[in-house]
Amino acid sequence: MINFELDERLAADTLPIADLPLSRALLMNDARYPWVILVPRQAAISEVFELSGDDQQQLWREATQLGEAMKTALKGDKVNIASLGNVVSQLHVHVVLRRHSDATWPAPVWGKGSPEPYDLDGQAQLRDQLLALIDGLDV
């Protein structure tokens, strides 16, 4: 995890939550969706296959366990887990809780509408909920 630096675009669009064994968990600053981004804390990685086999498995454990915990605790209808990297090449995985009533259902969240930044209370409340979920993971 030496020389890890978060891409400036990810840093500008997110709020820090916590570090998992492999990844830094970030809250996407868009109140339309509970949306976490996991970024493996490794230098110069842009593709999942560039991680070791063990780290690939760890990343998937972190994403799936977090997604399951979010779906249960935050009462979602679906969890979208994806790694795109077309705009930000640094490897990152989106864990997005979806609800039938959300702003873009059933379309993908990317490129739809304008982000709605959290107010300080909303940010603190969701961050605390996510931190508690992360603390409860078995990763």
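Arg-98 sits in strand S5, where helices (H or I, at least four residues) and strands (E, at least two) are DSSP runs numbered from the N terminus. The model is a predicted one, in which local features need pLDDT of at least 70 and side-chain atom pairs count only at pLDDT 80 or more, while totals for chains, interfaces and linings use all residues. Residues are numbered from 1 along each chain as its sequence is written, and side-chain values use heavy atoms, with hydrogens and water left out.

With a relative accessible area of 1%, Arg-98 is buried; buried means under 20% relative accessible area, exposed over 50%, and partly exposed in between, with a 1.4 Å probe and protein chains only. The side chain of Arg-98 reaches the backbone oxygen of Ala-107 at 2.9 Å, a polar contact being a pair of N or O atoms within 3.5 Å in which, within protein, one must be able to donate a hydrogen and the other to accept it, and residues adjacent in sequence count only if both atoms are side-chain atoms. Not counting residues up to four places away in sequence, Arg-98 touches several residues, among them Tyr-33, Gly-76, Asp-77, Lys-78 and Ala-107, where contact means heavy atoms within 4.5 Å.

Gly-76, Asp-77 and Lys-78 are also among the residues in contact with Lys-71, as are Val-79 and Leu-97, when the neighbours of Lys-71 within four places in sequence are left aside. Lys-71 belongs to helix H2 (residues 53–73) and is partly exposed at 36% relative accessible area. Its C-alpha atom is separated by 9.3 Å from that of Val-96, 25 residues apart along the chain.

Ser-83 lies in the loop between strand S4 (78–82) and S5, and is partly exposed at 37% relative accessibility. Its side chain reaches the backbone oxygen of His-92 at 3.3 Å, and, with neighbours within four places in sequence set aside, Ser-83 is in contact with Leu-91, His-92 and Val-93.

Rings of Phe, Tyr and Trp (its six-membered ring) pair if their centres lie within 6.5 Å, and planes under 30 degrees apart count as stacked, over 60 as edge-to-face and the rest as tilted. Two aromatic pairs are counted by this rule. Tyr-33 and Trp-35 make an edge-to-face pair, 6.0 Å centre to centre with 70° between the planes, and both residues are buried. The rings of Trp-35 and Trp-110 have their centres 6.1 Å apart and their planes at 80°, so this pair too is edge-to-face. Because Trp-35 lies in strand S3 (residues 35–40) and Trp-110 in the loop between strand S5 (93–98) and helix H3 (120–135), the pair ties together parts that are 75 residues apart in sequence. Trp-35 has a relative accessible area of 4% and is buried, whereas Trp-110, at 29%, is partly exposed.

The largest pocket holds about 400 Å³ of space. Of its 21 lining residues, the closest to its centre are Asp-13, Met-28, Trp-35, His-94 and Trp-110, and the elements that give two or more residues to this lining are helix H1 (8–13) and S3.

Conventions. 1 Å grid on protein atoms, 1.4 Å probe; cavity = no way out; pocket = protein on both sides within 12 Å on 5 of 7 lines; lining within 4 Å. Points joined across faces, edges and corners; volume = space filled by probe spheres on them.
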